Number of protein chains: 2
Amino acid sequence: MRCPSDPLRIGIAGLGTVGTGTVRLLQTHDELIRSRCGRHIRIAAVSARDRRKGRGVDVSAARWYDDAVAMAGDPELDAVVELVGGADGVALALVRAAIGEGRHVVTANKAMMAERGCELARAAEQAGVTLAYEASVAGGIPVIKLIREGLAANGVSRVYGILNGTSNYILSVMRESGREFDDVLAEAQALGYAESDPSFDVDGVDAAHKLAILTSLAFGCEVDFGAVHIEGIRHVSAMDIRYAGELGYKIKLLGVARRTDEGVEQRVHPCMVPAESPIGSVEGVYNGVVAEGDFAGSLMAEGRGAGAGPTASAVVADLIDIARGNRPPTFAVAASALAPSRPLPMDSHRGPYYIRLTVVDLPGVIADVTAIFRDFEISIESIVQRGRAPGETVSVVMIVHETAEAAMTSALARIAKLDSVTERPQMIRIEDF
Amino acid sequence: MRCPSDPLRIGIAGLGTVGTGTVRLLQTHDELIRSRCGRHIRIAAVSARDRRKGRGVDVSAARWYDDAVAMAGDPELDAVVELVGGADGVALALVRAAIGEGRHVVTANKAMMAERGCELARAAEQAGVTLAYEASVAGGIPVIKLIREGLAANGVSRVYGILNGTSNYILSVMRESGREFDDVLAEAQALGYAESDPSFDVDGVDAAHKLAILTSLAFGCEVDFGAVHIEGIRHVSAMDIRYAGELGYKIKLLGVARRTDEGVEQRVHPCMVPAESPIGSVEGVYNGVVAEGDFAGSLMAEGRGAGAGPTASAVVADLIDIARGNRPPTFAVAASALAPSRPLPMDSHRGPYYIRLTVVDLPGVIADVTAIFRDFEISIESIVQRGRAPGETVSVVMIVHETAEAAMTSALARIAKLDSVTERPQMIRIEDF
């Protein structure tokens, strides 16, 4: 039988950037943490692939496990910190084993929480342990806590945010410098801001993992990563960013989840947002999340969404919650009470759109295009031809009023077939937050 | 003996805007709240001055107390919600009595928490009950939770924010319209955004109450409202706001708390902040709070800082925490472990300054002013005379590099005595966040 002031004994699996950052934080703030939760948090065990690798932190006092899953069986541990990564494999086996052994789990693993979150939450609830995952979304921003506890008294109808720092950095630099995507991506890779394989970040998958978690938390429904509509930022051009600026917008890679009477819409895509809006002012590697409560109103949190320090801050905040005895439900309601997912197809989305066409500058082109829009009952707010070059190609930029995605998709397919349209039409959704 | 799934039985004292908002929220979301904390929150008792007053909510099922303090003795209550207001009087007596009776307390009372926070936290700790006050700072933004729990793993060195929506609204409208303070204040009063006696808001006292609470929470030291340097916004002119804009700044009423090796600086005053900074983009009645953690980095939360809905959201979030069994220390560390306040005098502040002088446009004036700055070893970044009107008065705007407040105050006192200086010099501190 342990006394409430005994140390919380933890095992950390994975000693990469976040793992060593977590060790460093726990060692730096040992006394501060004790003063805040009335007990020490002690690293009793660690596991990583290579025991001899130099990591700049001293973990020699902790028991070493070559096999992370075996660490789950260490009878001294109160909690296991999973920083291995990946939706399946060792990470999943470790978390399942730890829960099965009755240990609390803290994880930074967004892929696992997005794809296995419900299953794990149910197992944790049955075992009477905490499954905490603050670090899995928006790094150092305590957005899980903000929604799960800060907005606990609210019905939430929409949550959205800039959930990927790499993409936001690239879009911010593109806007400031006028440079194109490929060029800025290459520079970001050289600076270490983007991975050598950047697709998780720039193609929207990382943001979609995080959005799926936020959706479940905000709306009390099952995590449904498969239902997220995902588009990345590769097709955003410097020209679109410039035109957006002239219209008072910035282009951001947004994750948006919205609950209606019909179901839940989840989408990740480049989006024009008012430049002056709170979310529009989140720049560079920063993340920002907005949640709309029916009593609290619109709430935004902004901060560092990645990196060793911010992620370790979130991991240890979860451990302090466990040490203090704060045990809220994983997804804000009992896992057994999560509502089934009711995904809305992207076709049913409605909103205004920005359309950019590359056309041969000849009489009649605009008439052809607007006739197609008329056929689909799409109402045009503005049409501007950028430049004048008879017989050459020019850009035509249109803003259309709120319309259905299905109508827009069909209209653009027809427009793309016009002889005078020389490139695939560009379409970017607008959100007037 | 109560079962953990029994309702949490509460008594609400004060049925003004926030009190009726809280009743409305609890009645609207009764089932949602039960799903989130596994038990109902039931209003078992209420107290207000006039039982017959129409309030648009039905509290007939609750026991009525004419005397709020007597309600603290109601043996059925688990928690008391204090929404009476005022640092002393009934509010304080009620909270003391409730704690003494072993009941949890939730309060929205910033004046009481700023002036009696330590005493009440110690009493609550001794009695083994929670003293929760999320609603006392920044309304619907869960900034108490964010610092106390979200940043629990961090050493925090600075916390600052826009803590008064009325002042921020006035400054925002002044900037957008170019109108003067008195004019915008009168309009805000007519619209109900400012009180008929606006001094608590526009003279900085309200923001100072909130800052004192945040300081204690962020730094683990005793609440010391008396140590806050307070200036309001009455002396900010449309001209200063315009010049600030030309320099890339906005003027905001900020509360800033900073911890150094020497002690803690707490100040509320108008401040120039970069227009593009996160805090600079908080407009209108919105509040924004930034906390800087040594691992998490800079974190901002923005939202509605006042009003029935947002404040009720914070009150009920505290009740849900209590119902869920989340019992963090009042000021993030045990009340008995709060460090003594070590206030730094405003004179020891260092930073850049904006200075605007009204002078007679005669040769030699600038030489006189710069000679005084030289005598105090104040380094000038720029001097610009606005307009040209020989023999008439003109404005001279100066930006000085980081300097000590004491030197600046002395220099301005000397400058004010120059014959050619016709008005009290304007001085606004700059923060390059």
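Biologist: Which residue forms a salt bridge with B:Glu149?

Modeller: A salt bridge is a side-chain nitrogen of Lys or Arg within 4 Å of a carboxyl oxygen of Asp or Glu. Here A:Lys145 pairs with B:Glu149, with the closest N and O atoms 2.7 Å apart. The count between chain B and chain A is 2 salt bridges. This is a predicted model: local features need pLDDT of at least 70, side-chain atom pairs count only at pLDDT 80 or more, and totals for chains, interfaces and linings use all residues. Residues are numbered from 1 along each chain as its sequence is written, and side-chain values use heavy atoms, without hydrogens and water.

Biologist: How many residues of chain B are in contact with chain A?

Modeller: Contact means heavy atoms within 4.5 Å. By that rule, 50 residues of chain B touch 50 residues of chain A.

Biologist: What is the area buried between chain B and chain A?

Modeller: The size of an interface is often given as the accessible area lost when the parts come together. Buried area uses a 1.4 Å probe and is summed over both parts. Here the value is about 3900 Å², and carbon and sulfur atoms give 55% of that. B:Arg36, B:Phe295 and B:Arg324 supply 18% of the area that chain B buries against chain A, more than any other three residues.

Biologist: How many bridges join β12 of chain A to β12(B)?

Modeller: Strands are DSSP runs (E, at least two residues), numbered from the N terminus. Two strands pair if DSSP finds at least two bridges between them. Here 3 bridges join β12 of chain A (residues 297–304) to β12(B), and the strands run antiparallel. A:Met300 stands opposite B:Glu302 in β12(B).

Terms used. Chains lettered and ligands numbered in written order. Buried area = accessible area lost by both parts, 1.4 Å probe. Helix = DSSP H or I, 4+ residues; strand = E, 2+ residues; numbered from the N terminus.
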